[in-house]
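Please consult the sequence and the structure shown below while reading.

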Amino acid sequence: MLETKKSLNKIVSDLTVPIKSHKGFIIWVAFLLAVMGLGFYAYSVQLREGLGATALTDYISWGLYISSFIFFVATALIGMLVSAVLGLTGIKWITPIARIAEMIAVGFAMWAGLIIVFDMGRPDRLLNVFLYARVQSPIFWDVTVVTTYIVISIILFLLPLIPDMVFLQKTMKDQPKWKQKIYKMLSFGWKGTPEQYKIIKRSIRLLSILIIPVALAIHTVTSWLFAMTPRIGWDSTIFGPYYVAGAFAAGAGALLIVMFFIRKSYNLQDYITDFHFDKIGKLLVLTLLVYLYFNINEYIVPGYKMKRGDDHHLFALFAGKNAILFWSVQIFGMILPILLLLWGKMRKPVPLLIISIAVVMGAFMKRYIITVPTLEHPQLPTANIPVDFMIYWPNWIEWSITSMAIAGAVLIVTILAKLFPVMPIWEIAHEEGISEEEMNNFEVE
Amino acid sequence: MRYGMAIDTRKCVGCADCVVACQTENNIPIGYTRDWIAELNEGTYPNLHLEIRSERCNHCENTPCVRTCPTGASHIILGGIVKVTHEECIGCGACIQSCPYDARYMHPDGYVDKCTFCDHRVANGQEPACVSVCPTHCMYFGDLDDPNSEVSKVVAANKIKTLAPEAGTKPQIFYLV
């Protein structure tokens, strides 16, 4: 918690100074843009030559793109968990990190939508999904809920920003014109009257309630893309909650990583304290435990029955072709982090960063383990097909485009964190006991 | 009217003439195919059994592929034939994943393609290309609703099986065993 009381001026300057300084910012953005440039070139090749330019084959026609799509949607769910679920339950300590979670949600949800387009054979016919829409199709549900989630996340990001814009207008007088214009536009004529405060608090609350079913829907529908097919390994009734639980774990990991770097580069040690890391670390261990429970369910039930087809699939995962990847994901991405995080000393920023990176990488590979091995084990026995039909490993085009998506999502988070204060100034001021009147009369010293 | 096929696994020699005929008739790009031959060995010595059969889309009555299609490009035409309108297909691959028979593939031009029972030939009273070239006459094509059609008689008179019955798709291709 924030032990010593801070003055409004200190809060405003602490949170707005990082917006003005550019140390390392250009290099970081240049790096991200370089990664994206390579991906852009790869996509131009793919557009010219079609999906044949990728390593996808006749049998394995969903690969790295679809698995990264699940990963992106999963990571985006943290916005809902932190700002809506924890926010509505009245937990005060989430105030400084809620906006960071919302930034991750916006960035990753947008690129999740794009990565689906990368996987389409005919992206030029994207509008057909709406022109010839069939409500019976899980793909249609997915497009609808992902779009809805992006829109609500953006609104939920912009709404708490409105009162902050007034502070920014006052402190950013020396900044370029376009920036000031953005701040003025996004303040939507905010005056700070008690009535406006009432409306904004009520609408944030309303949207926080609204986003919970939408967020649950987006990841459940993503899982249904798989579970609605009769395929071995996907034909499961717990896929929805299984995905959602995994999403919270991946998102909590991503949040910890972003928190760590924002705190370090923006010098916000007084705001994002070790206490916050400890709490989110506990959240991570809780979500991982729930995820472990679903993992046990997901493998022990078919493993006990060993229906025809399931046996090949499970053997490949446990002891066969996919075993190394499978066990590294389960051990380094889930079991080891759980054991380590139960230990209080491990819930300090630096160990948490390392554990979170393992969790997030594990989450990424876990999606691959869910998507690809199933396709390697078709329902009917195969014979007389070319050997390479059954072998899949993503080629440089897929890796580059996936890297572009990751860099793109990180770039959105970076730019949002650069353009706007990473924490809601007005809510922090509220917690410090600063009255609304004092905020309205704020002047730069 | 309900088009269906009966394939006699006891007569099939696995020559893959049906595969070549289909590729030629339907102008399939090199490296892809709408039908294929499966050779399956079962049992242990000396009780061995070799089954050879020609496989393709089963033109199911309960179609997971048509259900998951977001645009309606996958559809069922008169006679129960499952088809894909190439111009409406967005290439998302949902149907490919939901087919238990792996009967669909992504055409290099970005849309999904599959067996049509050669409906352009059937409309002219001809048999599908694969059936027409079979050297052992192990394939029968016709209307399953008409009890006097050759295919109905063959299905009624022999021991039959369908592929992946556990998927619950009610296939319209019957294998004589």
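The model is predicted. In chain A, helix H3 meets helix H5, and helix H11 meets helix H15. Chain A also touches chain B through 33 of its residues.

**Helices H3 and H5 of chain A**

- Helix H3 (residues 64–76) and helix H5 (residues 95–119) of chain A have axes that come within 8 Å, with a crossing angle of roughly 160°.
- Because angles over 145 degrees count as roughly antiparallel, H3(A) is roughly antiparallel to H5(A).
- The crossing in which H3(A) passes H5(A) is left-handed.
- On the H3(A) side the contact involves A:Tyr65, A:Ile66, A:Ser68, A:Phe69, A:Phe72, A:Val73, A:Thr75 and A:Ala76.
- H5(A) contributes residues including A:Ile104, A:Phe108, A:Trp111, A:Ile115, A:Phe118 and A:Asp119.
- Sorted by class, the contact of H3(A) with H5(A) comprises 15 nonpolar, two polar and one charged residues.

**Helices H11 and H15 of chain A**

- The axes of helix H11 (residues 239–266) and helix H15 (residues 349–376) of chain A come within 8 Å and cross at roughly 140°.
- H11(A) and H15(A) are therefore oblique to each other, and their crossing is left-handed.
- From H11(A), the residues that meet H15(A) are A:Gly246, A:Ala249, A:Ala250, A:Gly253, A:Ala254, A:Leu256, A:Ile257 and A:Phe260.
- Among their partners in H15(A) are A:Pro349, A:Leu352, A:Ser356, A:Val360, A:Ala363 and A:Lys366.
- The contact of H11(A) with H15(A) has 13 nonpolar, three polar and one charged residues.

**Contact between chains A and B**

- In this contact, 33 residues of chain A meet 35 residues of chain B.
- Helix H6 (128–131) and helix H7 (138–158) of chain A are the elements that give two or more residues to the side of chain A that touches chain B.
- H7(A) supplies the largest share of that side, three residues.
- The residues on the side of chain A that touches chain B divide into 18 nonpolar, ten polar and five charged.

**Overall form of chain B**

- Chain B contains six helices and ten strands.
- The radius of gyration of chain B is 16 Å, which agrees with the value near 16 Å for a compact globule with 177 residues.
- The C-alpha trace of chain B spans about 50 × 40 × 30 Å along its principal axes.
- Of the 177 residues in chain B, 45% are buried.
- Among contacts in chain B between residues at least 6 apart in sequence, 55% join residues at least 24 apart.

Terms used. Residues numbered from 1 in each chain as written. Chains lettered and ligands numbered in written order. Predicted model: local features only at pLDDT ≥ 70, side-chain atom pairs only at ≥ 80, totals over all residues. Axes fitted to C-alpha atoms, helices over the stretch in contact; angles between N-to-C directions. Helix = DSSP H or I, 4+ residues; strand = E, 2+ residues; numbered from the N terminus. Parallel < 35°, antiparallel > 145°, perpendicular 65-115°, else oblique. Left-handed = near helix turned anticlockwise from the far one by under 90°. Contact = placed C-beta atoms within 7 Å. Nonpolar A, V, L, I, M, F, W, Y, C, P; charged D, E, K, R; others polar. Rg over C-alpha atoms; globule rule 2.2 N^0.38 Å. Buried ≥ 20, exposed ≤ 12 C-beta atoms within 10 Å, placed from the backbone.
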